[in-house]
Amino acid sequence: MKGKKLIYYATMLVAALFALFPLFWLVTSSLKSPFEWFARPVVWIPAHPSLDSYAAIFGLPAPSITVVGGVLVPSFYAFRNSLLAAIGTTVAAVAIGYMGAYSISRYKTGGAVTYFFVLTSRMLPPVAVVIPLLVFFQTLSLVDTVEGLVLIYLGVNVAFVIWIVRGFIDDVPKEVEEAAALDGVTKWSIPFRIILPLVKGGLAASALFVFILSWTEFGIALILTQYNSTTIPVQLFKYEFGGGPALGPMAALSTLAVIPVIILGYIIQKQLVKGLSMGSIRGRR
Amino acid sequence: MANKGRTSWLRRKFGFNVLLVMPLQVILNFVLIVPFALAIYLSLTDWSPITGPWYASPIVGAQNYVSILTTERFQQAIVNTLLIVGGAVTLEFAVGLVLALAFFSWDFRGKAVFASIFLVPMMVIPAISGFTFQTIFSTQGAINDVLSRVSGTVVAVDWLHVPWSALSAVILADAWQWTPFMFLLMYAGMTALPSDPIRAARVMGASERQIFLRIMLPMLRPIITIALIIRSLEAFKIFDVPFIMTQGGPGTTTETISIFLYKFAIQFARVAWASAGAIVIFIAIVIVTLWASKPLLPKAE
Amino acid sequence: MVDSEDIDIENLQFFNRKITRRQAIAKATAAGAAIGVAIVAGAGGYLAGTSVSPGKSSTTTVTTTATQATTSAAGLGATPAERAVNAVKALKAAGKIPAGAKIRFLEAAFRAGNMTPKAGDVRTDPYTGKTIQTSINMLTKWEDLTGIPVEIDLLNDLQLYDKAISEATTKAGTWDFLGQRIDFLVDFINAGVALDLTDFETKYQPDIRTGNCQVVPVFAQGYYTSDGKYWGFPGCGDWFSYYNRRDLVTNPKLQSAFETQFGYQLPVNGPDTWDQVLDMARFFDGYKGTEQTLPDGTTSTLRGAYFFRDTWFSNIEFRIRFLELGGLLFDSNKNVTLDNQITRKALQDMKALVAYQARDAFTSSWPTMYPNYANKQVFQTISWASVAQFSASGPVGGQGFGVYLTPGYKVDNKLIRVTVLYDQTSYIVEKYGKLTSAVPDVPYLFGQWLTDPEISTQELANPGAISDYFRTCHGVDERMIGTFFAVWPPNPGIEPGRRGASEAFDVQFQALCGTWQLAGLHELQDLWGTQMNAYFTDVQDIDTTVRKMQQGTDGVMDRLGRDAQYQRWQYVMKTFPPALKTLHGIS
């Protein structure tokens, strides 16, 4: 029995190491000096760990980064924009997606066509439509606005909410609604007062996915953002060190960018596994 | 589920459901249909931003479609993408399933902690994981360094300079990032399985292997199907990781459809031509997905 | 010409980030229409997707000619910078600059270090403990002088082109002043993003094509001039030179060993030909002598070379070798001439070096090379000046550095060297820019001020980094020699008694050639680069490579107008160095 346990933990530990190794690389890179960023053979542990990369991304004095001519762009705005875009998208996607999922699940609205139409929103490489999108958004003055980003992220990510939440609603027995109806709850209130609390897990799971996808999106943001709405993934490419990527500041910003998602993931985690396990994405019988 | 034949009180109130689905429909139309319609229009013109305004560009018909479909580099991008999708999704599925099974059937402490750790890769910005994996796979990078230390000789494999290993490296990077997603879905699926059949089989003396193959796997089929569809759709769009890791090289052997379209639509300003390619790809994906997901689609009543 | 009366005040409201009532109504109508269409499509489109045509995008009326100034150029000042500042003041006094005007400036991220540190910032070099004086804040200084603020936006230089193309698509006018790779100037002109600066040049005299401190003529003609018109300002000319380990080539034992092996003297002052480069790479590859001892006592094994093989640098080196071997892109019948022995020879020679290269040269470029060179892992490389600074300040300490000239080929027993400027990120004025549309003079004048020979010497962020050193007078400016050229190790072999690298510059200028100003150069470079890369990595053979390069190039030429491209090539040939002109019989 003890030997078995050992195997269990060893397996999990190996998997965990594999999962964490690139992250380890990211964190150590953020503490390296410019000399070590691209050193070959690779430097595993920085000889003199320094927080200069973190200072540099917030425009604070960072002596070692300026040796070859570093770039100092404060990242507060990128964080703000990314947070606004990701939270805005998540909230809107969950709200709109929930209503849509309820309608699709309970009323079969639009039948297979609507459901498949939602699926198609995740089929096209975003780079394929980004120029037409740019033309279209320009006519509406939505280029370089966080609102514009929220709209487009909403469009491409809401499908996740539909997929996940629809399955959850399917699993809620019909009798629950019929009983509520008999109790005098109006059809308008049923999805919000009766069903919503029952599918919280699915909403949490889909919220996390939508948040991650809009938080890390790069291709669309690169084209659609300039001054006012630069997000973190685009901001990463503003760190250059004399013509090449400034790996330290990039790693520092990415490390910081992981933190909000991990916190959100931790909060949601319980709901997540429990929620997903309600059957949901299993699809239809 | 509403039964056929019986007129449910829900079904009589048709207006309500349309109202609920309306915001969704509007946002999708607004963000997707309009630019997509514009892309179709542009694909029929010979417009490029360096030749004038798009609405003044003459319509040239299907010329772009013929031209891009006969372009060798585009064909190669499709093959590369299919290889990456096939490799990455298989790997993610296999590892995710095994890990989920271990999680499900083994009894050990700290599952919450391990689960949190396993989810971390999903949260890293793909562009930056491309940089990280480039460092890991470069000739004097982390992998060769470890191999050198272990073997005591200088290992200098050019992982990223040889087509098959460069492609494998891209697949591995994608698998690292998205195996957690598969793990999550598989684990969720397993915990949702009814426990009675498994217990009954165990009582009847079935081995763990038989239980997994004969009972669990068939019951997991729906979730496996949708997980494979979702991941394949997502992997098909892979861009950031190979773009930063290999720049599509060596040659164009790791150039994916997204990289190809990005280069030609944006960097080389051949918007009309690239739009035609995008539309062909889109139609192909729709057909394949329609076929693959047929059992999953709700049937209109 | 636009007089102050003609300036539409309503159109200037953008300065306060407001839109006028009329614009607001227009925008709201457009938005409403789009949403309405989306709703209709949503309600009716459950079974059939309705295609929707969006509203025609609004075109901006653009002023492209110089604003009539009240003062003549001569009266504005003695230097380009003085004229620029005084001209802005004059425009202001005449009421032609709207209140709240600001210049929006898109800059290559790596270059911003030259401009953004705070005035008088002093930093300590962590390795050497030396004090480094960083640059003054150029943008603040401009604002102090003229009262017009500059808002800077930064991006990776590889994506600057994408932004110019999206500006051409939307005509949004996000920026007024663009840092761009000037290689792609023809595309910017065709797209309408670049503003023709010819009138301004006449009026304000930036002294780029004329004057005592003009930019080296090949650059002025080959980079900022197209169709006889004037389009841009010199930005960061990252001058790449070739380096090798001088401490090794001056070692007598190695010299005699080399002579025994190859039958000629080790070229102490740098190889003259690419054949010698290959021999030296072969000779020094694997070297582990005493010079290779690192501070920690270990010995570093030397690789023969670190010449980048990523697509960008492959193009640069290919272009050098192709021209040196007497290659031309077009023959006189306007046929593309890439599928020939010259291309084959150039590519085969480049591939021969692969065996001795530090292999990371394929997937990474100079950021990996810096520590490689500094840690004594490569014998020779191509780099810009700061590699010396980087190596000197690193843990291993200064290396034996030698700068050498671009190697050449012997054609008809005559050595031909050609140098192309490797990475010229320059400035253009964006035609659609909001301030440009109102007063095009102001962003232009900002450019003239920023690239003034006096101002550019003040932009030195660090030794070895400079914004513009292709002014003919910089080479004799003591401050330039003291700050910029100081970090270039003197290579006495180039010309004894003269100043190291600055002397190398003089000689390099003799071999200088303008950029290949062609439409679609971005696409052509990608085509050539990926095909070469496939050849170097054994993905395809030389015949396939050369054939694909030829076919792809023919495709681009046909699509973008073969005649026009041929004309542009004729212009490029006019910027050839004397030796090449003689070879091809160009007057």
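pLDDT is the predictor's confidence in each residue, on a scale from 0 to 100. I am working with a predicted model, where local features need pLDDT of at least 70, side-chain atom pairs count only at pLDDT 80 or more, and totals for chains, interfaces and linings use all residues. Residues are numbered from 1 along each chain as its sequence is written, while chains are lettered from A and ligands numbered from 1 in the order in which they are written.

**Confidence.** I looked up chain C. Its average pLDDT is 77, and 70% of the residues score at least 70. Residues 41-64 of chain C fall below 50, yet this stretch has 50 contacts in the model beyond near neighbours in sequence. I take a contact as two residues whose C-beta atoms, placed from the backbone, lie within 7 Å. For the complex I noted an ipTM of 0.87 and a pTM of 0.87.

**Chain A.** I found 13 helices and two strands, taken as DSSP runs numbered from the N terminus (helices H or I, at least four residues; strands E, at least two). Of its 285 residues, 65% count as buried, meaning 20 or more other C-beta atoms within 10 Å of their own.

**Chains A and B.** I see 86 residues of chain B in contact with 85 residues of chain A. Helix 2 (residues 14-43) of chain B gives the largest share of the chain B side, 17 residues.

**Core.** The largest nonpolar core has 332 residues, and Val165(A) is one of those with the most contacts inside it. Such a core joins buried Ala, Val, Leu, Ile, Met, Phe, Trp, Tyr and Cys residues through C-beta atoms within 7 Å. Leaving out residues up to four places away in sequence, I find Val165(A) touching residues including Tyr98(A) and Leu203(A).

Technical notes
A residue is buried if 20 or more other C-beta atoms lie within 10 Å of its own, exposed if 12 or fewer, and partly exposed in between; C-beta atoms are placed from the backbone.
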